[in-house]
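Here's a quick briefing to read alongside the sequence and the 3D view. It goes through a few backbone and side-chain spots, then turns to the ligand site.

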Amino acid sequence: MRDMDERGITASVIERLQATPDPRLRRIMTSLVRHLHDFVRDVELTEAEWATAIDFLTRTGQACTGTRQEFILLSDTLGVSILVDALAHRAGSGVTESTVLGPFYVEGAPERANGADISAGLVGEPLFVEASIAGRDGAALAGATVDVWHSDDEGFYDVQRPDRPGPALRARFHSDAAGWVRFWTIQPRSYPVPVDGPAGEMLRATGRHAFRPAHVHFRLAAPGHATLVTHIFVAGDAYLDSDAVFAVKHSLIRDFTEQPPGTAPDGRVLGRPWRRLEAAFVLAEAALGA
Ligand code: BEZ
Ligand code: FE
């Protein structure tokens with residue numbers, strides 16, 4: 001038996017892990033213990049601070065429900081989600097960049113026909129979205145499944161408004177024969193991530209704001225291609241440089257161009273100004289982008 005000291009403890013724990021049968025798990029656990037112990041030594045963590053950390057993580061777990069995942073929010077606001085995303089999607093040039101999924105994606109969104117209006121009567125500036133989907137070889141991808149979701153004019157998602165019946169500002173489309181999806185919605189706004197739990201405490205304690213720049217989420221899936229989870233961000237948004245979850249990429253910023261009253265490309269007549277977004281998505285082949 002060995003007495004443990006500040007340094008020896010790390011070697012002893014790592015030695016104990018070497019019998020882990022799964023080599024990947026062995027590597028992860030060994031590195032985790034090494035970094036965790038280095039961190040404790042580096043900041044000279046006190047007993048009171050360790051108790052605070054345990055309490056914080058306990059409350060993070062307790063804040064999770066069927067519709068709220070506080071650990072993902074913590075991962076997002078600490079930049080871990082976007083780091084994991086960056087490691088997972090090194091598909092290379094010519095492919096649309098990915099970004100975080102976020103907590104407001106809902107499986108089983110209503111299927112809508114191309115050209116539909118998904119605003120569900122919510123107030124806001126009308127927005128006409130035209131999205132093309134292609135492979136890296138430039139060939140249009142017909143029949144791609146395209147999920148879209150975004151915040152309302154006040155920065156809330158439909159799932160944050162239980163007072164409102166049914167889905168709004170979210171839908172599933174299928175691209176047409178030329179690889180396009182078109183729909184009407186309203187202009188999204190920047191919004192704060194939920195701050196009424198431990199992740200919000202962390203943001204306040206570190207003097208950070210909670211806002212995300214305005215964006216529309218897309219999840220695009222086509223046979224033979226890697227599923228792409230991404231956003232399109234509104235150019236000019238005040239929070240592009242300081243997104244609370246670090247998910248902005250230059251290549252994903254677009255002008256949501258202001259249009260005068262008149263006739264839209266699909267023949268809809270608007271008596272007020274409206275906006276138009278055109279975005280081209282390129283999906284990686286399945287083997288490369290998975
Ligand atoms: C979102 O874009 O919906 C989101 C992403 C990460 C954390 C919170 C919200
Ligand atoms: Fe979002």
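Leu169 counts as buried because its relative accessible area is 2%, under the 20% cut-off for that label. Keep in mind that this is a predicted model. Leu169 also has a phi near 60°, a positive value in a residue that isn't glycine.

**Positive phi**
- You'll find Leu169 in the loop between β2 (145-150) and β3 (170-174).
- Phe246 is another non-glycine residue with a positive phi, again near 60°.
- Phe246 belongs to the loop between β8 and β9.
- Buried or exposed, or something in between? With a relative accessible area of 45%, Phe246 comes out as partly exposed, since that label covers values between 20% and 50%.

**A buried lysine**
- Lys249 is found in the loop between β8 (228-234) and β9 (253-254), the loop that also holds Phe246.
- Lys249 has a relative accessibility of 17%, so it counts as buried.
- What does the side chain of Lys249 make a polar contact with? One partner is the side chain of Asp85, at 3.5 Å.
- The Lys249 side chain also reaches a backbone atom, the oxygen of Ser98, at 2.7 Å.

**Around ligand 1**
- There are 13 residues around ligand 1, and the ones that come nearest are Asp76, Tyr191, Arg212, His215 and His217.
- By type, the shell around ligand 1 splits into 7 nonpolar, 4 polar and 2 charged residues.
- Which elements each supply at least two residues of that shell? They are the helix α4 (70-77) and the strand β7 (215-221).
- The space that ligand 1 takes up is the largest cavity.

**Polar contacts and burial of the ligand**
- For Arg212, an N or O atom of the side chain sits 2.5 Å from an oxygen atom of ligand 1.
- Tyr191 has a side-chain N or O atom 2.7 Å from a ligand 1 oxygen.
- With Tyr157, the distance between a side-chain N or O atom and an oxygen of ligand 1 is 3.4 Å.
- How much of ligand 1 does the protein bury? Taken alone, ligand 1 exposes 270 Å², and the protein buries 100% of that.

Terms used:
Residues are numbered from 1 along each chain as its sequence is written. Chains are lettered from A and ligands numbered from 1 in the order in which they are written. This is a predicted model: local features need pLDDT of at least 70, side-chain atom pairs count only at pLDDT 80 or more; totals for chains, interfaces and linings use all residues. Side-chain values use heavy atoms; hydrogens and water are left out. A residue is near a molecule or strand if one of its heavy atoms lies within 4 Å of it. A polar contact is a pair of N or O atoms within 3.5 Å; within protein, one must be able to donate a hydrogen and the other to accept it, and residues adjacent in sequence count only if both atoms are side-chain atoms. Accessible areas come from the Shrake-Rupley method with a 1.4 Å probe; for residues, only the protein chains shown count as cover. On a 1 Å grid over the protein atoms alone, a cavity is a set of points where a 1.4 Å probe fits but cannot get out, and a pocket is an open set with protein on both sides within 12 Å along at least five of seven lines; lining residues have an atom within 4 Å of a point. A molecule sits in a cavity or pocket if more than half of its atoms lie within 2 Å of its grid points. Helices (H or I, at least four residues) and strands (E, at least two) are DSSP runs, numbered from the N terminus. Ala, Val, Leu, Ile, Met, Phe, Trp, Tyr, Cys and Pro count as nonpolar, Asp, Glu, Lys and Arg as charged, and the others, Gly among them, as polar. Buried means under 20% relative accessible area, exposed over 50%, partly exposed in between (1.4 Å probe, protein chains only).
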